[in-house]
Structures are given as C-alpha cells and as structure tokens.
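Grab a pencil and work through a few exercises on the fold below. Try each task yourself before reading its solution.

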Amino acid sequence: MANSLLTVIPDRPAMPDRRDVPNQSVVPTRPRSAREELAERTRALLLEAETAGPLRRQQLLDEVITSHLWLAEKLARQFRHRGVDDDDLVQVAYTGLVEACLRFDPHQGSFVGFAEPTITGVLKRHFRDHGWTVRPPRPTQELAASI
C-alpha cells in the first residue's frame with residue numbers, strides 16, 4: 001500500500017547550481033525614447049558649438065533650434081485665446097527658443113529644462129509689454145496702432 005502512494009516523476013534536467021552560472025548582471029534594458037536621444041544629441045551639438053568657429057557654431061545652433069520647434073509651439077499653445085493671434089504667439093515662442101539656445105550652458109543640465117522656462121518667460125513678457133489692460137475690439141486696437 002505504501003508503494004501505491006508513491007508516484008514516479010520522470011527525469012528532468014537538473015537546474016544548474018547558482019555557483020556554476022557565470023556572474024552576469026541581468027539589467028533589463030529598455031529602448032531609449034526619442035526624447036532621450038534628442039536630449040543626448042542636443043547636448044553633443046551644444047558642446048561642439050562651444051569650440052566651433054562662427055560659421056559651424058551657427059549651423060549647430062540652427063540644428064538645435066529646428067529640432068526643438070515642437071517645444072516652442074507647445075508652449076505657445078498654452079497662451080492661446082488671450083487676445084493675441086496664434087501666429088504671433090508662435091513667433092514670440094520661437095524668439096524665446098533662440099534666446100534659450102544662445103544662453104544655454106550644456107554643462108549645467110538639460111536643454112529642455114532650461115528652454116521651457118525661458119520661452120514661457122518671453123511669452124509672459126510679451127503679454128506684459130504688448131497686452132491691453134482693457135480689451136477693446138480688434139478694429140479699435142488696429143486703429144490705435146495706425147494713429
């Protein structure tokens with residue numbers, strides 16, 4: 001009766017002992033996101049621009065600016081419907097992006113982390129300097145500008 005309770009387990013390959021397995025640090029790698037790649041590329045371009053000649057420096061800064069136009073457009077959208085034309089807001093945001101690119105020190109941190117408050121500040125300054133305290137109709141504003 002004791003024999004009938006025993007079950008026969010088929011032979012399985014033995015698990016390797018941990019000491020037999022070479023020490024491999026198993027760190028799961030995730031694919032880098034497009035933003036991480038852009039940040040790394042931007043940092044490399046700005047570092048190169050520090051030592052480049054004037055023509056090459058301008059080319060590098062132009063590349064950084066064109067690769068971050070999305071950021072300026074995103075920040076300009078946050079200020080829509082406040083009495084200023086959307087195209088004007090985008091142009092002001094582009095100006096802020098250029099300013100951020102010229103003032104950024106690549107040894108201090110990320111470009112987006114510096115550019116975002118810079119662009120936002122330029123947009124707010126635009127509203128402060130060019131905004132109206134009282135919002136007259138647009139034809140009245142245009143008439144005041146022509147006078």
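Throughout, a contact means heavy atoms within 4.5 Å. This is a predicted model, where local features need pLDDT of at least 70 and side-chain atom pairs count only at pLDDT 80 or more, while totals for chains, interfaces and linings use all residues. Residues are numbered from 1 along each chain as its sequence is written, and side-chain values use heavy atoms, with hydrogens and water left out.

**Exercise 1. The overall picture**

Work out how many helices and strands the protein has.

Solution. Start with DSSP runs, numbered from the N terminus: H or I of at least four residues for helices, E of at least two for strands. That gives 7 helices and 0 strands. Next, burial: of the 147 residues, 24% count as buried (under 20% relative accessible area; exposed is over 50%, partly exposed in between; 1.4 Å probe, protein chains only). Finally, look at the contacts with a separation of 6 or more: residues 24 or more positions apart make up 58% of them.

**Exercise 2. One side of helix 4**

Find the buried residues of helix 4 (residues 69–77) and say why they sit on the same side.

Solution. First pick them out: L71, A72, L75 and A76. They span an arc of only 130 degrees around the axis, so they share one side of helix 4; the arc is taken from the directions from the helix axis to the C-beta atoms. Then ask what covers them: helix 5 (86–103) and helix 6 (111–130) are included.

**Exercise 3. Helix 6 and T118**

Check the length of helix 6, then describe where T118 sits.

Solution. Begin with the span, expected to be 1.5 Å times one less than the number of residues. For the 20 residues of helix 6 that comes to 28 Å, and the end C-alpha atoms are 28 Å apart, which agrees. Now T118, which lies in helix 6: its relative accessible area is 11%, so T118 is buried. Leaving aside neighbours within four places in sequence, T118 touches G96, E99, A100 and R103.

**Exercise 4. E63**

Solution. At 32% relative accessible area, E63 is partly exposed. Leaving out neighbours within four places in sequence, E63 contacts R41 and L45.
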